[in-house]
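This report looks at charged side-chain pairs and at one helix packing contact. The chain is shown below.

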Amino acid sequence: MGDLAYQVLLMVVSLALGAAAQGIRNAKRDREENKRELQEAIDAEHSVLQLLLYYRIKDEFHVHIGKGEPMRPAERRDLDRMYHLYHDEYGGNGGGTAMYKRLCELPIED
């Protein structure tokens with residue numbers, strides 16, 4: 001193979017490697033952007049779920065503390081599940097915890 005053919009081949013290979021490297025950099029950048037957007041969506045979803053659980057605990061508080069209705073065993077189990085999701089999974093605290101503690105003080109009726 002002549003010098004000219006070798007130089008052309010070398011240029012073609014260099015261009016191909018450069019294009020491949022650029023493609024890899026672009027793919028990495030896109031992947032990082034997608035990962036960031038996904039995390040933002042997950043965080044927003046967690047905030048919504050935490051808020052919904054807070055309002056469910058608040059509803060139970062209104063029914064059992066506000067109206068004085070008795071709490072049944074199944075309602076207490078549901079309350080415990082809601083609170084543990086609210087607090088442990090989604091980081092809720094404050095008002096939801098205070099209401100949950102008050103509800104836990106109530107007797108459970110059959």
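## A pair in helix 1

Glu60 and Arg56 lie four residues apart in helix 1 (residues 3–66), so about one helical turn separates them. Their side chains meet in a salt bridge, at 3.3 Å from N to O. Glu60 is buried, at 12% relative accessible area. Arg56 is partly exposed, at 35%. The model is predicted.

## Other salt bridges

The count comes to seven salt bridges. Side chains of opposite charge can pair when their charged atoms come close.

One of the bridges joins Arg81 to Asp78, with the closest N and O atoms 3.1 Å apart. These two are three residues apart in helix 2, so they too are separated by about one helical turn. Arg81 counts as exposed, at 52% relative accessibility. Asp78 is partly exposed, at 40%.

Arg29 bridges to Asp30, with 3.6 Å between the closest N and O atoms. Asp30 is partly exposed, at 39% relative accessibility. Glu33, Arg36 and Glu40 are linked in a network of salt bridges.

## Helix 2 against helix 3

Helix 2 (residues 73–89) and helix 3 (residues 95–104) have axes that come within 11 Å and cross at roughly 155°. Angles over 145° count as roughly antiparallel, so helix 2 is roughly antiparallel to helix 3. The crossing is left-handed.

Helix 2 contributes Arg76, Leu79, Asp80, Tyr83, His84, Tyr86 and His87 to the contact. Helix 3 contributes Gly96, Thr97, Tyr100, Leu103 and Cys104. The contact residues divide into six nonpolar, four polar and two charged.

Methods: Residues are numbered from 1 along each chain as its sequence is written. This is a predicted model: local features need pLDDT of at least 70, side-chain atom pairs count only at pLDDT 80 or more; totals for chains, interfaces and linings use all residues. Side-chain values use heavy atoms; hydrogens and water are left out. Axes are lines fitted to C-alpha atoms, for helices over the stretch in contact, and angles run from 0 to 180 degrees between N-to-C directions. Angles under 35 degrees count as roughly parallel, over 145 as roughly antiparallel, 65 to 115 as roughly perpendicular and the rest as oblique. A crossing is left-handed if the near helix is turned anticlockwise from the far one by less than a right angle, and right-handed if clockwise. Contact means heavy atoms within 4.5 Å. Ala, Val, Leu, Ile, Met, Phe, Trp, Tyr, Cys and Pro count as nonpolar, Asp, Glu, Lys and Arg as charged, and the others, Gly among them, as polar. A salt bridge is a side-chain nitrogen of Lys or Arg within 4 Å of a carboxyl oxygen of Asp or Glu. Buried means under 20% relative accessible area, exposed over 50%, partly exposed in between (1.4 Å probe, protein chains only).
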